Protein chains: 2
Amino acid sequence: MVFVVKIGGGKGINVNNVLEDLASYKDFVLVHGGSDETNQISEKLGKPPKFVTSISGHTSRYTDRETLDIFSMVYAGKINVNIVAKLQSLGVDAVGLTGVDGRLLEGFRKDTIKIIEGSKRKVLRDDFTGKIEKVNIGLLNLLMSNGYVPVVTVPAISYEGEPINADGDRAAAAIAAALKAEDLIILSNVPGLLKDVNDPNSLITEIPKARIGEFMDVAQDRMKKKVMGAQEALEQGIKRVIFSSANIDKPVTSARSGYGTHIQ
Amino acid sequence: MVFVVKIGGGKGINVNNVLEDLASYKDFVLVHGGSDETNQISEKLGKPPKFVTSISGHTSRYTDRETLDIFSMVYAGKINVNIVAKLQSLGVDAVGLTGVDGRLLEGFRKDTIKIIEGSKRKVLRDDFTGKIEKVNIGLLNLLMSNGYVPVVTVPAISYEGEPINADGDRAAAAIAAALKAEDLIILSNVPGLLKDVNDPNSLITEIPKARIGEFMDVAQDRMKKKVMGAQEALEQGIKRVIFSSANIDKPVTSARSGYGTHIQ
């Protein structure tokens, strides 16, 4: 059975620690983020990151054409290439893909985004953010059935063929659902879902699938999107979603054997 | 029969013009460069490009670890993603690959480079430049036999699993040779091989395969590597190498029907 691992792109995530554990597995798809490094490179390029809050309360990166290129450079150029090389050095025959390749992650570009800035409402029209609606798994299946391990990252692609910024956790969830994966394992720099985001000892170890909706209120900031992704994956037939830490010993093996927050 | 097109990464190359022409073809591999944009982004990141001249007279980009990441970001993240998206919007089912994916372009990292700086000789030990020795075409054949068009770029990968900077023209030549391609078409911002690099009317229209060695003296700077790539490809069985312009009407079709410099 196939499983999907998502490595977050936040600060302080030990990516190599995850890759070294993954080297003992075969049938998996790895999805990764890159937000922290994108922020750093954006600053260096004199284009500091800007986050906007939609009127429905979601926070996302404001992604004009120039930001989209920076985003692609870091996610697909820097992080993806280095992960694939590291996996290759560990004996895993990895192939890097973005959602643009073979239209792997396809969706619509939000042509306008209504945001709140201070007390004012504003409409953004030059944003390249979108929502993934389709996973064209032909390419993934072809690679996996021939012994390759796909390493996937956003950008996704719009129906018009533009690269678009889309949420990486929800991309991982969509891939897991499309592959009918056994597990979706979401690794970040915290031990899992916390009751109190400031207290690492407040870990929620188990959530029955039927009660995940209640936990949307517990989840904060970026964790909210992770829980949304989990909910979407479970609704589409994934058996188990696990939130765990990338920074513990054998993070994938540990997560599969009980560490972190298990939703099933 | 398969053909390979290389689009250069120099200033003033109309990439979209090439892609629009390519949209009417099926069995090809596209290889692209990115040197000019890498120079620009390097400058912006406060890491201006540095070129070194080896004691044997070859000029190459000095590529320390940080430069390698910038190089990968631009080639694989910015240019490759945008080319793949553009081809997808034109109805071509493109998939982007670096030489790291599936160890597509494998070779050795030069652990030391002896260079000349002014009148002094120096040895560089932190350089990630290398030479491609093997093309693992399994991945290319798999994709092409399933209807995908590979869009390939450097970095390549070292035998130790490190991404390495390698010459894009010679990468294209190696791919063409490994695929036993019919044509290798190398498109840049000049009409082909020029007798006098400053005179666009001095185009050499035909070179018999056996006499290519003589033209190594005519070729200057970056064109020297292009001619070396052509020579390598012809030695390995490619029927025809064409140097032509990316900026004329239907550049691929024109090159195949006689424009530019034909070596056969």
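Colleague: How much of strand β5 of chain B is covered, and how many of its residues are buried?
Modeller: This is a predicted model. In it, strand β5 of chain B, residues 94–98, is mostly covered, with 5 of its 5 residues buried.

Colleague: Which residues lie on each side of β5(B)?
Modeller: B:Ala94, B:Gly96 and B:Thr98 are on one side, and B:Val95 and B:Leu97 are on the other. All of them are buried, and both faces of the strand are therefore covered under the cut-off of 20 or more other C-beta atoms within 10 Å.

Colleague: To which strand is β5(B) joined, and is the arrangement parallel or antiparallel?
Modeller: β5(B) is joined to β10 of chain B, residues 149–153, by 5 bridges, and the two run parallel. Within β10(B), B:Pro150 is the bridge partner of B:Val95.

Colleague: Turning to the sheet with β3 of chain B, what is the strand order?
Modeller: The order is β4-β3-β7-β8 in chain B, an open sheet of 4 strands with antiparallel pairing. Its edge strands are β4 (59–61) and β8 (120–124) of chain B, each of which pairs on one side only. From one strand to the next, the twist averages 50°.

Colleague: How many bridges hold β3 and β7 of chain B together?
Modeller: There are 2 bridges between β3(B), residues 51–54, and β7(B), residues 113–117, in the antiparallel sense. B:Thr53 has B:Ile116 of β7(B) as its bridge partner. In general, strands of a sheet pair through backbone hydrogen bonds.

Colleague: Now the two chains. How many residues are in contact between chain A and chain B?
Modeller: On chain A, 32 residues are in contact with 33 residues of chain B. α3 (65–89), β5 (94–98) and α4 (138–144) of chain A are the elements that give two or more residues to the chain A side. α3(A) provides the largest share of that side, 12 residues.

Colleague: What is the split into nonpolar, polar and charged there?
Modeller: The chain A side that touches chain B has 15 nonpolar, 9 polar and 8 charged residues.

Colleague: And chain A as a whole: what are its helix and strand counts?
Modeller: Chain A has 7 helices and 16 strands. Of its 264 residues, 52% count as buried. Among contacts between residues at least 6 apart in sequence, 72% join residues at least 24 apart.

Colleague: What are the dimensions of chain A?
Modeller: Along the principal axes, its C-alpha atoms fill a box of roughly 50 × 40 × 35 Å. The radius of gyration of chain A is 18 Å, which agrees with the value near 18 Å that a compact globule of 264 residues would have.

Key:
Residues are numbered from 1 along each chain as its sequence is written. Chains are lettered from A and ligands numbered from 1 in the order in which they are written. This is a predicted model: local features need pLDDT of at least 70, side-chain atom pairs count only at pLDDT 80 or more; totals for chains, interfaces and linings use all residues. Two residues are in contact if their C-beta atoms, placed from the backbone, lie within 7 Å. Ala, Val, Leu, Ile, Met, Phe, Trp, Tyr, Cys and Pro count as nonpolar, Asp, Glu, Lys and Arg as charged, and the others, Gly among them, as polar. A residue is buried if 20 or more other C-beta atoms lie within 10 Å of its own, exposed if 12 or fewer, and partly exposed in between; C-beta atoms are placed from the backbone. Two strands pair if DSSP finds at least two bridges between them. The radius of gyration is taken over C-alpha atoms; the globule rule is 2.2 Å times the number of residues to the power 0.38. Axes are lines fitted to C-alpha atoms, for helices over the stretch in contact, and angles run from 0 to 180 degrees between N-to-C directions.
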